[in-house]
Amino acid sequence: MAVNVKDKIVEIIAEQAILQPSDVAMDATLEDLGVDSLGLVEAIFAIEEAFDIQVPFNANDPTESDFDVSNIGAMIKAVETLVAAKG
Amino acid sequence: MNRRVVITGQGAINALGHSAAATMQAMAEGRCGIGPLEIRDVERLQIGIAGQVKGYDEAEHFGRQELVLFDRFTQFALLAAREAMAQSGLDVAANDPTRTGVVLGTSGGGLQTQDENYRLVYEEGKNRVHPFVVPRLMNNAATSHVSMAYGAQGPSFTVATACASSNHAMGLAFHFIRSGMVDSMLTGGSESMLVFGGIKAWEGLRVMSKDGCRPFSATRNGMVQGEGAAVFVFEELEHARARGAEIIAEVIGFAMSSDASDIVMPSRDGAARAIAGALKDAKLNPSDVGYINAHGTGTAANDKTECGAVRDVFGAAADKLMISSTKSMHGHLIGGTGAVELLACIMALRDGVIAPTIGYEEPDPECNLDVVPNEARQAKVDVAISNAFAFGGMNAVLALRRAP
C-alpha cells in the first residue's frame, strides 16, 4: 500500500512551517506558510526519502526547475507524477 | 610607523596547472579545467564534474614517511609553498625565525583522510585505523607542515571561514606585517574536498551544477567544486628591498564584515560593507579600481547579490571597471579559492592581462557589469580587489596595487 502522497506532503510541509497539517491549504504558497529556501530544500529531502524518488529541483533557481513549487497543491501533483513514473 | 606589504613569491596547484605560472597561462588562455570527476563511487553521485587536479602523482613529490602524514590538502599547500619560497628566495633562518609566520585557509582540512577512514570503520567494519589519522586530518595540518618545512616560528594558524578562508588568512597575514608583529608571512589556502562524502554533502544543498560553471550568465545553474592550493610570500617592503627580492605586487588594503543575517543566503549590504571597507583601508577612490576578481560562484544568489554590492560601492565607476570570475575555469576551491584567485589579480597588475569569465552565454540584466566574457583582455590596471563571500555571511576583501 503506497503512502498517501497528499497527506505525507502536508505533514512534511507542516513540520517545516511549524503548523498543524489542517492549517496547510492546497493553494497556499511556501511563502504564505513561512517556509524559506532552506526549509524547502529540507522538505524536498524529506519527500525524496518518504517516496524513494529523485526530485528534479535546483535551489539555485527554484522557478526554473522542472519541479513545480508554486503552491502546495502543485507540489503534490508533481510528486504524484514522480511516484507514478517510478511504477 | 608606515609599513608596506608586498608579495615576493607565489605558488599554486589546481585544475588549471601545477604551478602559479601554468595557472596564469591557463587563465590568460581562458582554458577550462573543469571535467569529469574521477573519484571512488562517483557513479553514486548526481554530480559528475569538478575542477580536479589531474596528472598528479604524490609519490613524485613526497617520500613514503611524509605521505603517511600528508593529506592531499597538505600536499597541495606544501607544493604551493615550495614554489613560492623558491621564487621569493626568502631564507627564514637567515633572520629572526620568530618574525616569519604561516597563516593558511582551509574549510574542510583533511577530508580525504576522514572520508577514507570513515569508509574503513563504517562500511568495511574495520576496528582499527592508521595511527596518524588525527594529525593527517586536522585543519591546521597544512599550516603546521609548511611552518616546519621552512622553520617559520612566528604566529601560525589556520583560518576556516568556508569560501572566504583564504582571503581571511591573507588579510590577517597582511595585518601582521603592517602592524610590525612580523616581517614576512607564508599565506594562502588549500582545499581537497573532492571525495564521495564531500560531494554528497554538497549535492544535498542543491546548488551544484551538473554541466558547468557559468558565472553572471543568464544560463548559469550553480557552482562546480574544485581543489588545490595557492601560497604566497608576503613581506614588508623594506625587508624585501634590502635583500633584493623581486616584488610581484603590493597588498594595500583588507576588510572583513559579517552579514549577521542568514547561514547560506548572501547579503548585498554585508558584501558592500566589505568591499567599501577594503577601499577605505587602502585609501582608494572607487575610480582607482580597474579590476575585481569576483567571488562569482555561478549561483543566482551570489552573482546577483555581488553585482548589486559592486554597484552600491562603485556607483558610476562600476561601469568602467572589469570584473571576472575565474571559478568558471578552476571551479570553487572553497577554503582555497581566494588564494588561487589572487593570481588573477596579480596577472592583471603585473602582466596587464585580465582573466575572463568563461562559459558566458547570455547576459543577465541583474549582472550588467563588464564581466570580461570568454576571452582574456589586455589592459593596464593599477589597482585590483579580490572578493570572497562565505556561507555564514562572512566576507573578506583584499586590495592590491601594481608593484612599486
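Author: This is a predicted model. The mean pLDDT of chain A is 90, and 97% of the residues in chain A reach 70 or more.

Reader: Where in chain A is confidence lowest, and where is it highest?

Author: Confidence is lowest in helix H3 (residues 37-51) of chain A, with a mean of 92. It is highest in helix H1 (residues 5-17) of chain A, at 95.

Reader: Turning to chain B, how many helices and strands does it have?

Author: Chain B has 13 helices and 14 strands. Its radius of gyration is 20 Å, close to the 22 Å that the globule rule gives for 404 residues, so chain B is as compact as a globular protein of that length. The C-alpha trace of chain B spans about 65 × 55 × 40 Å along its principal axes.

Reader: What share of the residues in chain B is buried?

Author: Buried residues make up 58% of the 404 in chain B.

Reader: At what angle do helices H3 and H6 of chain B pack?

Author: Helix H3 (residues 72-88) of chain B and helix H6 (residues 141-150) of chain B pack at about 35°, and their axes are 9 Å apart. H3(B) passes H6(B) in a right-handed crossing.

Reader: Which residues make that contact?

Author: Among them are B:Phe73, B:Ala77 and B:Met85 of H3(B), and B:His145, B:Val146 and B:Tyr150 of H6(B). The residues of this contact divide into 10 nonpolar, two polar and no charged.

Reader: And how many residues does each chain give to the contact between chain A and chain B?

Author: Chain B contributes 10 residues and chain A nine. On the side of chain B that touches chain A, five residues are nonpolar, four polar and one charged.

Terms used: Residues numbered from 1 in each chain as written. Chains lettered and ligands numbered in written order. Predicted model: local features only at pLDDT ≥ 70, side-chain atom pairs only at ≥ 80, totals over all residues. Axes fitted to C-alpha atoms, helices over the stretch in contact; angles between N-to-C directions. Helix = DSSP H or I, 4+ residues; strand = E, 2+ residues; numbered from the N terminus. Left-handed = near helix turned anticlockwise from the far one by under 90°. Contact = placed C-beta atoms within 7 Å. Nonpolar A, V, L, I, M, F, W, Y, C, P; charged D, E, K, R; others polar. pLDDT = per-residue confidence, 0-100. Rg over C-alpha atoms; globule rule 2.2 N^0.38 Å. Buried ≥ 20, exposed ≤ 12 C-beta atoms within 10 Å, placed from the backbone.
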